[in-house]
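Subject: Handing over a structure

Hello,

Here is the structure I promised to pass on to you. Please open it alongside this message, and I will walk you through what I found in it.

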Amino acid sequence: MINGIQGTMGIDDSGLMGVTGVPGNYLNELREIKFLLLEGKYKAISAYKIPDDFWNWLQCPNCGLRPLIWEFNNGSSTACGCGENEYKNFSIYAESIMSYVTRNNGSAMGYNHKKLRENWNHWVLTLEELETHESLREQGKW
Ligand SMILES: [Zn+2]
C-alpha cells in the first residue's frame, strides 16, 4: 500500500520536476495555476507566462487569480481572468526594457525589472494604475 501511495505521488509531482526556486509550500499552487490555465480561466494568449516568483504577485481583486506576465524586449504587461477574451484582456503595464534602452542611449542600467510587479501589486492594493497604457505612450514609453 505504501509503495502504491508513493507511486501515485510520484506521478502527481512529475509535472513539477525540474522546477527550481519554487518554495515547497507553493508547489500545490503552481499546479493549481497550471490547471486553471488549461481550463481557460486566464484571458491571455500563450505568450503570457507564469512569473518565476508567482507567489510574490498578489491575487487580482476581481477574478482572484495571480497574473500571468508577458515580459519581452518589446512589451511588459499582465493578464489575469479579467477581460472579454484572450485578445481583449485587462492588463497592468510597465515600460519594456527595449523602450528603456532606446531612451537611455543604449544602456539598460537602471532599468527596474520589478516595475511590472510593483505596478500590479500597487493596483491590487489601491486600484490605482501607476502607469497606464496611455500614460506610458504619452511619455514615449512602450
Ligand atoms: Zn483579474
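Leaving aside its neighbours within four places in sequence, Cys 63 is in contact with Cys 80, Gly 81 and Cys 82. Here, two residues are in contact if their C-beta atoms, placed from the backbone, lie within 7 Å. Computed along the chain is one thing and through space another: Cys 63 and Gly 81 are 18 residues apart in sequence, yet 5.7 Å apart in space, C-alpha to C-alpha. As for its place, Cys 63 sits in the loop between α2 and β1 (68–72). Cys 63 counts as partly exposed because it has 16 C-beta neighbours inside 10 Å. The cut-offs are these: a residue is buried if 20 or more other C-beta atoms lie within 10 Å of its own, exposed if 12 or fewer, and partly exposed in between, with C-beta atoms placed from the backbone.

Two notes before you go further. This is a predicted model, in which local features need pLDDT of at least 70 and side-chain atom pairs count only at pLDDT 80 or more, while totals for chains, interfaces and linings use all residues. Residues are numbered from 1 along each chain as its sequence is written.

How confident is the predictor? The pLDDT, its confidence in each residue from 0 to 100, averages 87 over the protein, and 86% of the residues score at least 70.

Now the overall layout. The protein has five helices and two strands, and from the N terminus on they run α-α-β-β-α-α-α. Helices (H or I, at least four residues) and strands (E, at least two) are DSSP runs, numbered from the N terminus. Of the 142 residues, 22% count as buried. Residues 24 or more positions apart account for 44% of the contacts with a separation of 6 or more.

The two strands belong together. β1 and strand β2 (residues 75–79) run antiparallel and are joined by five bridges; strands pair if DSSP finds at least two bridges between them. They form a hairpin with two residues between them, and Phe 72 stands opposite Gly 75 in β2.

Which residues touch the most other members of the largest nonpolar core? In this core of 16 residues, they are Tyr 42, Ala 44, Tyr 48, Leu 68, Ile 69, Ala 79 and Cys 80. The elements that give two or more residues to the core are β1 and α4, and β1 gives the most, with three residues. A nonpolar core is a set of buried Ala, Val, Leu, Ile, Met, Phe, Trp, Tyr and Cys residues joined through C-beta atoms within 7 Å. In soluble globular proteins, nonpolar side chains tend to be buried together. Ala 44 is in contact with Leu 68, Ala 79, Glu 86 and Asn 89, leaving aside its neighbours within four places in sequence.

Next, have a look at α4. At 1.5 Å a residue, its 12 residues should span 16 Å, and its end C-alpha atoms are 16 Å apart, which agrees; the expected span is 1.5 Å times one less than the number of residues. Leu 116, Arg 117, Asn 119 and Trp 120 are buried in α4. Seen down the axis of α4, its buried residues fall within an arc of 165 degrees, so they line one face of the helix. That arc is taken from the directions from the helix axis to the C-beta atoms. The buried residues of α4 pack against β1 and β2, whereas Leu 125 and Thr 126, on the other side of α4, are exposed.

The same check on length works for helix α2 (residues 27–38): its 12 residues should span 16 Å at 1.5 Å a residue, and its end C-alpha atoms are 17 Å apart, which agrees. α2 is followed by Gly 40, whose phi is positive, near 75 degrees.

Finally, two backbone angles to look at. Leu 127, which follows α4, has a positive phi of about 60 degrees although it is not a glycine. Leu 127 lies in the loop between α4 and α5 (133–138) and is exposed, with 9 other C-beta atoms within 10 Å. Asn 105 is a residue other than glycine with a positive phi, near 50 degrees. Asn 105 is in the loop between α3 (97–103) and α4, and it counts as exposed because it has 6 C-beta neighbours inside 10 Å.

Terms used. pLDDT is the predictor's confidence in each residue, from 0 to 100.
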